[in-house]
Amino acid sequence: MGRAELMRRAVAAAVAVAAGHGVRCAEPEVLSDRANALVRLGPAPVVARVATITGLMRRGAYDALCREVAVTGYLAGVGAPVVPPSDALPPGPHIHDGLTVTFWPYVPHEPGAAPSPERFGALLRELHTALAGYPGGLAYLGTPYDDIAVMLGGAVPGLTAEERAATSRAFEKLRAELGEGPGRPLHGDAHPRNLMSTPGGWLWNDFEDTCAGPVEWDLACMVGTRRLDGRAAVTAYGRDPDDPRIAVLRELRDLYGGLYSRLSAAYP
């Protein structure tokens with residue numbers, strides 16, 4: 001099954017689940033077809049997130065999307081600047097045709113906008129402060145550790161035995177160096193695309209990678225972005241971008257990203 005068929009099923013699942021809860025959509029609009037399908041269900045101010053590529057490496061992604069709804073619901077409740085779960089219909093997760101669907105409010109925003117490095121660093125620091133009170137359980141580096149294990153276990157088509165063995169050795173070396181926690185609640189994927197410039201200010205979204213871990217996991221994402229000066233953003237956060245701990249977690253991010261790119265490329 002190619003990406004086009006996966007997207008067709010994702011749009012159909014979003015429309016069907018929404019209709020089952022009284023939200024009718026005559027002309028769904030695909031806003032993104034990257035890791036997930038984001039489908040605007042106009043005329044209702046609702047966006048469906050359907051796990052497509054992420055579902056392939058997360059066994060449908062039900063647990064990840066449960067966690068995302070819980071974390072964003074908590075953050076919205078304490079006044080953090082996030083896109084909250086939908087209140088127009090049950091946010092889910094819902095399962096339809098083997099795909100996992102959640103619902104979110106459509107928020108007018110400026111596509112592609114990025115904050116200044118200084119603002120980005122400050123926003124992440126404020127988010128971490130808000131996340132510190134999250135009462136739910138989060139596994140230590142659970143997102144990268146689990147996803148890498150699944151991808152090395154066969155989710156990525158075309159990996160040779162040599163590639164799998166070499167990547168597995170690198171992964172285990174990094175995992176031994178990083179230890180097992182306990183860590184603190186993190187965004188998990190703290191890059192500028194996951195901030196939306198809205199009329200009411202910057203809002204964080206896309207918390208499906210949330211996990212516990214060292215703060216450097218988010219800083220490694222920040223320092224590696226190409227959309228702004230990530231080193232200046234880390235400095236604004238209050239940390240040294242040359243911290244060796246950030247470098248180690250950057251290695252883990254690169255390994256993770258390389259496997260994910262191979263998985264995504266298998267569904268053109």
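Biologist: What volume does the second largest pocket have, and how should I read such a value?

Modeller: The second largest pocket has a volume of about 310 Å³, where a volume is the space filled by probe spheres set on grid points that are joined across faces, edges and corners. A pocket is an open set of points on a 1 Å grid over the protein atoms alone, where a 1.4 Å probe fits and protein lies on both sides within 12 Å along at least five of seven lines; its lining residues have an atom within 4 Å of a point. Bear in mind that this is a predicted model, in which local features need pLDDT of at least 70 and side-chain atom pairs count only at pLDDT 80 or more, while totals for chains, interfaces and linings use all residues. Residues are numbered from 1 along each chain as its sequence is written, and side-chain values use heavy atoms, with hydrogens and water left out.

Biologist: Which residues are the closest to the centre of that pocket, and which element gives the largest share of its lining?

Modeller: Among its 16 lining residues, Arg-58, Asp-63, Ala-64, Arg-67 and Asp-146 are the closest to the centre. Helix 3 and helix 5 (142-155) each give two or more residues, and the largest share, five residues, is that of helix 5; helices (H or I, at least four residues) and strands (E, at least two) are DSSP runs, numbered from the N terminus. By class, the lining has seven nonpolar, three polar and six charged residues, with Ala, Val, Leu, Ile, Met, Phe, Trp, Tyr, Cys and Pro taken as nonpolar, Asp, Glu, Lys and Arg as charged, and the others, Gly among them, as polar.

Biologist: How many residues line the largest pocket, and what is its volume?

Modeller: The largest pocket has a volume of about 1600 Å³ and is lined by 49 residues, of which Arg-34, His-191, Arg-193, Asn-194 and Asp-206 are the closest to its centre. Helix 9 supplies the largest share of this lining, eight residues, and the elements with at least two residues there include strand 1 (29-33), strand 3 (46-51) and helix 3 (62-77). The lining divides into 18 nonpolar, 15 polar and 16 charged residues.

Biologist: Which residue does Arg-49 meet in a salt bridge, and where do the partners lie?

Modeller: A salt bridge is a side-chain nitrogen of Lys or Arg within 4 Å of a carboxyl oxygen of Asp or Glu, and the count here comes to 15. Arg-49 pairs with Asp-206, at 3.6 Å from N to O. This pair links distant parts of the chain, 157 residues apart, with Arg-49 in strand 3 and Asp-206 in the loop between strand 8 (201-204) and strand 9 (211-213).
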